[in-house]
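Here is a friendly note to read alongside the model. Please keep the structure open while going through the points.

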Amino acid sequence: MALIDDLDVPMTEAELERRRFLGLLGSGALGLAGIGTMVAGVGYLEPNAPYEQATRFVVGRPEAIVPGGVLTLREQRVYVVRGQAGVYALSSVCTHLGCVTRHGLGQSEIVCPCHGSAFDMEGRVLSGPARKRLPRLELTLERGEIVVHTTSQVDDDTLLEV
Amino acid sequence: MRKIATALTRSRVWRSVFRHGFPDSNRNRSLAIFSSFFLHFHPVKVRVRAIAFTRTFYLGGLALACFFILTVTGTFLMFYYHPIVPSAYNDMKDLQFVVSYGMFLRNLHRWTSRTMIALVFVHMAWTFMRGAYRHPREFNWTIGVGLLVITVLLSYTGTLLPWDQLSYWAVAVGTNIVGAIPIIGAKVKLLLLGGHEINDNALLRFYVLHCVVLPLTLAFGVGLHLWRVRKDGGIHLPELPPRRDDVGDENYASTRADAGSPESSDAPHENA
């Protein structure tokens, strides 16, 4: 918008300087307010209490799983596997695009229904499109019961000795 | 009868609404378009060549018509739909089997969304084929690409709302693709889902995006897009060979001979 100075007020160089300074101050304040609004907006949209599945939960006594058996926790999206040497937990979320994998009773592989990725019972990729293995989750033994920590991943040879 | 019509159109009330007389002269027809909020995005005068069906196949207009249908049917669907986890799916089933005309409205909304995506895509392809993306319409082409993206996003956010298996896994896969963006991916995914899982929060966020944020953005973008069509010189038309009256009989024959090449329209003026 072109401003037509129809008042034609005479202005000294100092007054002009002040006008420029105030103009700069005004745009700066607007800019800062804009950035502040954006930061606050993102902060607002980020939930502080999402009321989700617990990231730490008790599964039960390890003896309840037969050696070689698999406990499938659908809600928590975890497999608890009892191998010959000990117990370990795998995330059942496919590393390709996040679908929940399936494990049929007595079968020796885990298959994703979305795009057909297959994993063995150690979580290693047997066939794609997934490229990363299913992560192993931390297990602890508390008062004789297995506790799964879904936010904590452990090395792929970690076992909970029972 | 004519007396009543004249009295009516000359009354103060009529004149406060319509500033022009009855559109029976070229001047009044122009004023009718020019002074109406609803018609003013049309040019006052249009070349017959520009509104020939095969020029544009009315693809943009048809896509806009789809948007109107989607807005109306979507608003109707909103009267029965709760974006909460157990009821979202039940409301969708109620709309199909319990609510009067619910099945019709839901299917109309669903099919029109598919049609709109197809139309917007073909509109883009046709604009490209005709070369209408070139100067001076480059910016409007860019706006159009943005509108295509918003249309697809509208369809995608709408996919979650029925809360069935297809919805759930489509959103699981889509948001994991977002999560794979380097550095900001995890954060954007968290903001999009309102958590780490797809549940109530994600449903509500997609609902708000689908019903408020994206439609408003699209409406604003369409306004800008149509305004730019006018400002950029109307619908793109290839140049015609000059008319016999303009160039004279002796030059006219030569212009017809090479009318196929785009340079031919300049040639007669050099001779003249």
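The points below start with the ground rules, then turn to the interface and to a few single residues.

1. This is a predicted model, in which local features need pLDDT of at least 70, side-chain atom pairs count only at pLDDT 80 or more, and totals for chains, interfaces and linings use all residues. Residues are numbered from 1 along each chain as its sequence is written, chains are lettered from A and ligands numbered from 1 in the order in which they are written, and side-chain values use heavy atoms, with hydrogens and water left out.

2. About 1200 Å² is buried between chain B and chain A, and carbon and sulfur atoms give 57% of that. Buried area here is the accessible area (1.4 Å probe) that two parts lose on being put together, summed over both. Of the area that chain B buries against chain A, B:W169, B:L191 and B:E197 supply 35%, more than any other three residues.

3. Between the two chains there is 1 salt bridge, that is, a side-chain nitrogen of Lys or Arg within 4 Å of a carboxyl oxygen of Asp or Glu. Its partners are the side chains of B:K187 and A:E46, at 2.7 Å from N to O. There are also 7 residue pairs in polar contact between chain B and chain A, both residues being at pLDDT 80 or more. A polar contact is a pair of N or O atoms within 3.5 Å; within protein, one must be able to donate a hydrogen and the other to accept it, and residues adjacent in sequence count only if both atoms are side-chain atoms.

4. Over all chains, the count comes to 12 aromatic pairs. Rings of Phe, Tyr and Trp (its six-membered ring) pair if their centres lie within 6.5 Å; planes under 30 degrees apart count as stacked, over 60 as edge-to-face and the rest as tilted. B:W163 and B:Y168 form an edge-to-face pair, 5.8 Å centre to centre with 90° between the planes. B:W163 is buried at 15% relative accessible area, and B:Y168 is buried at 15% as well. Buried means under 20% relative accessible area, exposed over 50%, and partly exposed in between (1.4 Å probe, protein chains only). One aromatic cluster is made up of B:F53, B:F57, B:Y58 and B:W126.

5. B:T9 sits in helix α1 (residues 2-10) of chain B and is buried, with a relative accessible area of 17%. A polar atom of the B:T9 side chain lies 3.1 Å from the backbone oxygen of B:T6. Not counting residues up to four places away in sequence, B:T9 touches B:W14 and B:R15.

6. Is A:F21 buried or exposed? A:F21 is exposed, with a relative accessible area of 51%, and lies in helix α1 (residues 13-45) of chain A.

7. B:D232 is in the loop between α12 and α13 (244-247) of chain B and is buried, with a relative accessible area of 11%. Leaving aside neighbours within four places in sequence, B:D232 is in contact with B:P136, B:R137 and B:N140.

Note on methods
Helix = DSSP H or I, 4+ residues; strand = E, 2+ residues; numbered from the N terminus. Contact = heavy atoms within 4.5 Å.
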